[in-house]
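Hi there,

Here is the structure we talked about, with the sequence alongside. Could you open both before you read on?

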Amino acid sequence: MRSLARKARTMTRLYANHALAHIPNALFYASVPKPHSASPKLLSCIRGPICTPGVRAFCTAFTEAAASRAAVFGQTMESHDSISYLAQREAAEIDEILMGPLGFSVDQLMELAGLSVATSVAEVYKPSEHFRVLTICGPGNNGGDGLVAARHLHHFGYKPCVCYPKRTAKPLYTGLVTQLESLSIPFLSVEDLKSDLSKDFDIVIDAMFGFSFHGTPRPPFDDLIQRLVILRKHEQAGQKRSVIVSVDIPSGWHVEEGDFDGEGIKPDMLVSLTAPKLCAKKFSGPHHFLGGRFVPPAIAEKYKLHLPPYPGTAMCVRIGKPPQVDISALRENYISPEFLEEQVDADPIIQFRKWFDDALASALKDPNAMALSTVGKDGKPSSRMVLLKGVDKDGFVWYTNYESRKAHELSENPHASILFYWDGLNRQVRVEGSVQKVSDEESEQYFHSRPRGSQIGAIVSKQSMVVPGRHVLHQEYKELEQKFADGSLIPKPRNWGGYRLTPQLFEFWQGQPSRLHDRWLLSRL
C-alpha cells in the first residue's frame, strides 16, 4: 500500500440515476432446495437468522436486534380483533391507578405519550418530504401530549408550529410552552392559519381532545375540526393535502362509538395511548400505532389487556397490517450537503476514515457493517454482510471461517468488493481490490480479544456446511462452554482467521436531490 500511495491517482465524478435500499446488518447463509428435493438443507452460520418458505437458516446466536426484527414482523400481523380496546370508564380508571398507587405523575405520562406520538410520526413521515408540522393543542392532557410531541419533532429535524388557542395556566403547561419558545417554535393563533392548511403544512397533528372529552366542541375548536374534515375533500378532488395524525382519539369522535355520523375527521394516522379506545375499531386509515410504553403487568392483568410487545427500545408499535405499498413508488429524495472535489482528500483511506468517523459520531447501527462480494472460478458472484474489524494504510480487515463459501471463492479468485452504506448520512463507499489472508499472529490476537462466547461460537459454527439442526449447534456449544468454564485459553480454530483487502479503487457516493448524486471515483494505480 505504501508503494501505491506514491502513485498518481485519478479521480472521476460520476452521475447516476439510482437509489439505495437500506442494507440490514445481517450475515446469513441458506440453501435453497434443488428441484424434487425433499426438504431444504440446514446450514451452519454465525449471525442474523432468516426464515422464508423453502429457505431455512440455523445459527449459533440469535441477536437481540434480530429478535426485535422478528418481533416487529409478528406485530405487523396483529389483527384488530386480537387487540384489547378500552371503554371510556376503563381508560379513566387506568389513568387514576397510574397516577395513584403506581406513582406516576402527569408530566411523566405526558412526556412518554408525546414522545410516542413524535416517534410514530417519524416512523412513517420522513422530514425530507413532510417537513412542516402544525400541532393543534387543546386545553387538557391531550393538548399537553401535543406540546411534548412538537418539542421532540423539532429535535427530530422537523419544522413544527403550534396552535394553542385555549392555554392552561397550570405550571406544567406553561413550562411546556416556555420550552417550545426557547426553541423558537412559532405559536400561531387560529386567525393566523389559512383556511386550507395544506398550503402551509405537510402534517397536522390533532391533539385537541382526548378520551375524557364530553359534549360538542366549542369555538374555536369546532372550526379547527372542520378544517381537518375539509382536508379529506382535497384528496377526493385529487389535490395534495396535509396528512392528519390524531392523538389517542380523533377530536370530535365519540370515545366508544367513533365517528358515528360519518362527518368527522378521517385521520391518516392514529396514535393510541396506553391501549386503543373502542372508537379505534372504526379507524380506517393506513397507520395505527400504539404508544405510551408505561403499562405495568398489574394493569395488563387486571384489565386483561392484550397488546403487542414493543420492539427493542421503540416507543411505538404498529397495530394491524401495514398498508400495501407499490414497490416501484418507494423513493427517497436525498437532502445532503454537496460533496465537492476540493473536499475530497487526496488519500482515499483518509477520506474513508473521515466518513467512517462521521458514521460513528451519528450513532448509526453497526457502522462497520459492509457487503462483501466475491466471485469463484464459475464466474457467479455472491454477497453477504460482514463486519469491518480494522482499517489502515494497508487496507480493510475482516474475520471469518476459512472453509466458508466466501473463503473458497477468494482462494479461486483473490479479488473482492466491499460496500459500506450509511443510511442516516445518505452515504456509501465502495472499495475494490485484491485480498490476502492476514498473518496467523494477527488472527490469533484478534480471536482472543473477542468475548469467550464468540470464541466458542467460531469453533462450533462450520460456515456453509450442512448440519442436522440447531440442536446440534447448541449441544456442541454447551459442551465447549463447560470444557472451558475454568477460564482456560480457548484455542483458535485453524480454519478461522482474517482477510485484508488491499484497495485499488474507491467510490464515494453521497445522495442528492433529484438523483443528481455526488459520486467520486478514486483509483490508485
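Let me begin with Arg353, a partly exposed residue at 34% relative accessible area (buried is under 20%, exposed is over 50%, and partly exposed is in between, using a 1.4 Å probe and protein chains only). Please bear in mind that this is a predicted model, in which local features need pLDDT of at least 70 and side-chain atom pairs count only at pLDDT 80 or more, while totals for chains, interfaces and linings use all residues. Residues are numbered from 1 along each chain as its sequence is written, and side-chain values use heavy atoms, leaving out hydrogens and water.

**Salt bridges**

Arg353 has a partner, Asp357, and their side chains meet in a salt bridge with an N to O distance of 4.0 Å (the rule asks for a side-chain nitrogen of Lys or Arg within 4 Å of a carboxyl oxygen of Asp or Glu). Both residues sit in helix α9, four residues apart, or about one turn of the helix (helices are DSSP runs of H or I with at least four residues, strands are runs of E with at least two, and both are numbered from the N terminus). Asp357 is also partly exposed, with a relative accessible area of 38%.

How many salt bridges does the rule give? The count comes to 19. Side chains of opposite charge can pair when their charged atoms come close.

Another pair is found in helix α7 (residues 221-236), where Arg227 and Asp223 are four residues apart, about one turn of the helix. Their side chains meet in a salt bridge at 3.0 Å, N to O. Is Arg227 buried or exposed? Arg227 counts as buried because its relative accessibility is 12%, whereas Asp223, at 34%, counts as partly exposed.

Lys266 and Asp259 form a salt bridge as well, with their closest N and O atoms 2.9 Å apart. In this pair the acidic residue, Asp259, is buried, with a relative accessible area of 18%. Lys266 is partly exposed, at 29% relative accessibility.

Which residues lie nearest the centre of the second largest pocket? They are Gly140, Asn141, Asn142, Gly210 and Ser212, out of 32 residues that line the pocket. (A pocket is an open set of points on a 1 Å grid over the protein atoms alone, where a 1.4 Å probe is used and protein lies on both sides within 12 Å along at least five of seven lines; lining residues have an atom within 4 Å of a point.) Three helices, α3 (88-98), α4 (106-124) and α5 (141-155), each supply at least two residues of this lining. Among the contributors, α4 gives the most, with four residues.

**Backbone features to look at**

Most residues other than glycine have a negative phi, and most peptide bonds are trans. With that as background, look at the peptide bond from Pro219 to Pro220, which is cis, with omega near 0°. You will find Pro220 in the loop between β7 (203-207) and α7.

Ala363 has a positive phi of about 55° although it is not a glycine. Ala363 lies in the loop between α9 and β12 (369-375), and at 66% relative accessibility it counts as exposed.

Ser514 has a positive phi too, of about 60°, and is likewise not a glycine. Its place is in the loop between β18 (496-510) and β19 (518-524). Ser514 counts as exposed, at 58% relative accessibility.

Ile327 is found in the loop between β11 (316-318) and α9 (348-361). Although its side chain is a nonpolar one, Ile327 is exposed, with a relative accessible area of 69%.

Pro381 belongs to strand β13 (residues 381-387) and is exposed, at 61% relative accessible area.

Definitions and conventions
Patch = residues over 30% accessible without salt bridge, like charges linked within 9 Å, V, L, I, M, F, W, Y side chains within 5 Å. Areas by Shrake-Rupley, 256 points an atom, 1.4 Å probe, with all protein chains shown as cover.
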